[in-house]
Amino acid sequence: MKYLVIGAGGTGGSIGAYMTEAGKDVTLIARGEHLSKMQERGLYMETTKKGNYTVHPIKATDMEHYEEQPDIIFVCVKGYSLEDTIPFIRRVAKESTIVIPILNIYGTGSRMQEQLPELLVIDGCIYIAGEIKEPGKILLLGDIFRIVYGVRNPEEIRPELFQVAQDLKDSGIEGVLSDNIRRDALQKFAYVSPMAACGLYFHVSAGEVQKTGEPRDTFVKLMKEIDALAVAMDVPFLVDIVTTNLQILDALNPEASTSMQRDIYAGKASEIDGLIYEVVRMGQRYGVPTPTYEMIADKARADGLV
C-alpha cells in the first residue's frame, strides 16, 4: 500500500524512517530546513535501540508538491496544526483512503471525521519518545515504538487495516489494531497528559518523575483523575493504569520530556489546551473532580500559558 505521513517530527519522521528501511512505499510531508536536509542527505536517526544511521534516500516533500493518492494517511502533526491538514487531505485522498490521526489530543479522529465525511477517519495513538534534534535528524530515546489504531464503529473495519498492522510489523514497529480504540486512546492519553502536566508544573524531565518524591506523587494523582474519567465515560481501563504507566515511565531515558514542554520552553505554540485545560473541562462535563489538574491549569494560566 501507498503511505503518506503528514508531519516529520519525532513521531512521523520515525514512522517514515522505519517503513522506508523496510521497503514500504511511504512519503513524508515536511517543510523548511528539515525538509531540505532530508531531501539532500536523507533522515539521520539517533536511537538508543538501533544505534545511529541515515535513511537515504527517503521520500519527502511539502504539501504543495505532493501529487500521489495514498491508501493510508498517518497524521502526525501537533494539535494546533491540525486544521492546516484538512484541505490537503481533501486534495490528495481517493475515495478509499483511510486517515489515521496519531496525535496527543484525545478525540482527534471524531473531530476530523466531521470535517472529512467522505473518508474513513479512525483513531490512533503512539508510544514513542522521539523529537527533532536538529533539521534532518531525529532523536529516538528508549525501546518502545508502538502504534495503536482502530475504528470507532465495528462496521467500519476494512481489510486494509489488518495490512497496516503487518506493514508496521515488517518495519520493526508494533502495530496494534484495537477492538476498543476509545479505551486504548484514552489509556495513552492517561500517560501523556499527566506526564505533560507534571513535567510542566515542576519543570522537570522524566528522570525526576522516576524518583520517589512530589513530582512522582503528582503524576500518580493525575493518572487517578483520568482513571475516574474513564469510568464516567463508560470506557474503564482493563489494566491498573498507575502501575502500567509507571512501568512505561521508568523504562524511559531520564532525559525524555514531552513535546508540549519543549514547545512551551521554546516559546512556540503548544498543545496545552488539549492536554491540560481539556481535562478540566472533561471533569466538569462528566461530574468528575480533577483537583490536581485544576491546580496545574491555574498555575499555567497565571503564567500566561494559553
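Is Arg111 buried, partly exposed or exposed in this structure? In the predicted model, Arg111 is partly exposed, with a relative accessible area of 40%. The residue belongs to helix H4, which spans residues 108-115. When residues up to four places away in sequence are not counted, Arg111 touches Ile105 and Tyr106. Gly175 lies 64 residues from Arg111 along the chain, and the C-alpha atoms of the two are separated by 23 Å.

Within H3, the residues Leu82, Thr85, Ile86, Phe88, Ile89 and Val92 are buried.

The packing of two helices was examined next. Helix H6 (residues 181-202) packs against helix H11 (residues 272-286) at an angle of about 95 degrees, and the two axes are 10 Å apart. H6 is therefore roughly perpendicular to H11. On the H6 side, the contact involves Phe189, Val192, Ser193, Ala196, Ala197 and Leu200, which meet Ile272, Gly274, Leu275, Ile276 and Val279 in H11. Sorted by class, the residues of this contact are nine nonpolar and two polar, with no charged residues.

Ile276 of H11 also figures in the largest nonpolar core. This core has 54 residues, of which Phe219 and Ile276 touch the most other members. Two or more residues each are given to the core by strand S9 (123-127), H6, helix H7 (206-210), helix H8 (214-232), helix H9 (241-250), helix H10 (259-265), H11 and helix H12 (291-302). H6 supplies the largest share, with twelve residues. Leaving aside neighbours within four places in sequence, Ile276 is in contact with Ala197, Leu200, Met260, Tyr293, Ile296 and Ala297. Another core lies apart from the largest one; it has 38 residues, including Leu28, Ile98, Ile100 and Leu161.

The loop between H11 and H12 contains Thr290. Thr290 is buried, with a relative accessible area of 1%. Beyond neighbours within four places in sequence, the contacts of Thr290 are with Glu225, Val279, Val280 and Gly283.

Strand S11 (residues 137-140) includes Leu140. Leu140 is buried, with a relative accessible area of 4%. Not counting residues up to four places away in sequence, Leu140 touches Ser14, Tyr18, Met45, Glu46, Thr47, Thr48, Ile128, Ala129 and Gly130. Of these residues, Ala129 is eleven residues from Leu140 in sequence, and the pair is 5.9 Å apart in space, C-alpha to C-alpha.

Cysteine pairing was also considered. The structure holds zero disulfides. The sulfur of Cys76 has its closest cysteine sulfur in Cys125, at 12 Å, which is too far for a bond. For Cys125, the closest cysteine sulfur is in turn that of Cys76, and the separation of 12 Å is again too far for a bond. A disulfide requires cysteine sulfur atoms within 2.5 Å. Cys76 counts as buried at 11% relative accessibility, and Cys125 is buried with a relative accessible area of 2%.

Several features of the backbone are found in loops. The peptide bond from His56 to Pro57 is cis, with omega near 0 degrees. Pro57 is placed in the loop between strand S4 (52-55) and strand S5 (60-61). His203 is not a glycine, yet has a positive phi of about 55 degrees. The loop between H6 and H7 holds His203, which is exposed, with a relative accessible area of 56%. Asp234, also not a glycine, has a positive phi of about 65 degrees. Asp234 lies in the loop between H8 and H9 and is exposed, with a relative accessible area of 64%.

Definitions and conventions. Residues are numbered from 1 along each chain as its sequence is written. This is a predicted model: local features need pLDDT of at least 70, side-chain atom pairs count only at pLDDT 80 or more; totals for chains, interfaces and linings use all residues. Side-chain values use heavy atoms; hydrogens and water are left out. Axes are lines fitted to C-alpha atoms, for helices over the stretch in contact, and angles run from 0 to 180 degrees between N-to-C directions. Helices (H or I, at least four residues) and strands (E, at least two) are DSSP runs, numbered from the N terminus. Angles under 35 degrees count as roughly parallel, over 145 as roughly antiparallel, 65 to 115 as roughly perpendicular and the rest as oblique. Contact means heavy atoms within 4.5 Å. Ala, Val, Leu, Ile, Met, Phe, Trp, Tyr, Cys and Pro count as nonpolar, Asp, Glu, Lys and Arg as charged, and the others, Gly among them, as polar. A nonpolar core is a set of buried Ala, Val, Leu, Ile, Met, Phe, Trp, Tyr and Cys residues joined through side-chain atoms within 4.5 Å. Buried means under 20% relative accessible area, exposed over 50%, partly exposed in between (1.4 Å probe, protein chains only).
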